[in-house]
Amino acid sequence: MALASDPGRGGSPVSAHNEWDPLEEVVVGRLEGARFPSRHPAVTCNVPRGVGRLLGLAAGRRYPRAMLGPAQEELDGFVELLRSLGVVVRRPDPVDQRRRFGAPGWSSRGFCTACPRDSMLVVGEEIIEAPMAWPCRYFETHAYRSLLQEYHRRGARWTAAPKPRLTDALFDPGYRTPGPGEAMRYLLTEAEPVFDAADFVRAGRDLFVTRSNVTNLSGIAWLRRHLGPGYRIHEIESRCRTPMHIDTTFLPLAPGKVLVNPEYVDVDRLPEVLDSWEVLVAPEPDPIRNPLLGITSMCGRWLSMNVLMLDEKRVVAERHHTGMLRALEGWGFEPVPCGLMHYAPFGGSFHCATLDVRRRGTLRSYTF
């Protein structure tokens with residue numbers, strides 16, 4: 001299925017063109033110092049309603065040990081697993097999230113550095129810092145600054161998209177979540193470009209994006225122009241009423257194979273460039289019976305899709321979601337079960353918790 005290759009310049013420590021080439025180096029997030037995100041409409045409109053009420057009470061406070069302990073234990077096990085498989089694991093610097101910061105018209109405390117996938121996008125030999133819409137994440141990439149500087153010194157391209165002002169003009173004051181059957185609407189206006197890197201996934205020369213409550217059309221246009229004619233960006237329509245991040249909606253797993261969420265994606269409306277691809281429909285997620293996770297998870301039930309490809313065959317997936325493990329095996333993959341279920345209150349699972357900095361492969365086109 002791959003067409004003519006286009007090798008990178010060589011010598012860069014950063015090189016990742018897709019979601020499945022053999023993984024060599026990865027950044028894994030941290031939980032130290034994590035605090036509940038500060039109050040803001042961009043936060044509460046994207047989390048489950050019950051969690052939104054909790055965040056209203058706990059905004060800016062430290063996560064309790066009852067939540068941090070199990071998540072940290074699972075995270076340590078995940079890091080150990082990656083290292084045992086020969087993957088180089090890098091980590092952000094610890095950050096004091098208590099410190100208040102801001103710009104004209106707003107101020108906030110920090111959140112955490114659990115999900116490097118959200119704030120940075122690797123396209124080939126370039127790392128791009130995303131212009132994020134959550135005020136509490138405005139300076140999140142500073143925790144990765146020493147790593148970014150190192151990669152830059154060693155030959156990587158390092159870009160930061162224009163920092164948004166995050167004024168009131170960016171957020172629709174009359175926004176409410178659209179109900180079933182209503183036309184889709186978004187919290188964000190087009191006042192300035194914003195996007196989360198986790199709203200994009202890569203398949204060589206083709207990137208796929210969902211417009212969401214943290215990624216507007218202006219942000220997509222900025223990235224399209226920045227990358228230039230060598231790349232194509234295709235929008236995936238999401239039926240999610242509160243869209244945020246593509247990796248529980250649509251995730252390429254291997255050349256010609258894409259995992260989709262049947263609740264959010266109409267497979268008959270996928271971009272034409274995927275007509276030759278095999279569409280893998282995710283199974284119904286296994287229920288989460290942990291009552292604490294039920295009221296604290298910032299993620300929807302489709303976190304079962306949030307897997308990390310080690311190569312075209314091996315895939316790290318949540319051991320709790322046995323339906324997904326069986327499905328992956330039936331599709332010809334080799335699941336590597338691991339636990340990260342308690343990471344959900346911090347924003348994700350294996351794909352969210354990582355940023356694949358280097359994969360062994362070259363730039364190719366996988367679509368016709």
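Leaving aside neighbours within four places in sequence, with which residues is V316 in contact? This is a predicted model, in which local features need pLDDT of at least 70 and side-chain atom pairs count only at pLDDT 80 or more, while totals for chains, interfaces and linings use all residues. Residues are numbered from 1 along each chain as its sequence is written, and side-chain values use heavy atoms, without hydrogens and water.

**View A. Surroundings of V316.** The contacts of V316 (heavy atoms within 4.5 Å) are F78, L81, V307, L308, L310, V336, C338 and F350.

**View B. The largest nonpolar core.** A nonpolar core is a set of buried Ala, Val, Leu, Ile, Met, Phe, Trp, Tyr and Cys residues joined through side-chain atoms within 4.5 Å; buried means under 20% relative accessible area, exposed over 50% and partly exposed in between (1.4 Å probe, protein chains only). The largest core has 52 residues, and L31, Y63, F78, L82, V316, Y343 and F346 touch the most other members. Helix α3 (65–84) gives the largest share, eight residues.

**View C. Aromatic pair F36 and Y63.** Rings of Phe, Tyr and Trp (its six-membered ring) pair if their centres lie within 6.5 Å; planes under 30 degrees apart count as stacked, over 60 as edge-to-face and the rest as tilted. The structure holds 14 such pairs. With centres 4.1 Å apart and planes at 20°, F36 and Y63 are stacked.

**View D. Rings around Y138.** Y138 and F139 pair edge-to-face, with centres 5.0 Å apart and planes at 85°. Y138 is buried at 12% relative accessible area, whereas F139 is partly exposed at 31%.

Notes
Helices (H or I, at least four residues) and strands (E, at least two) are DSSP runs, numbered from the N terminus.
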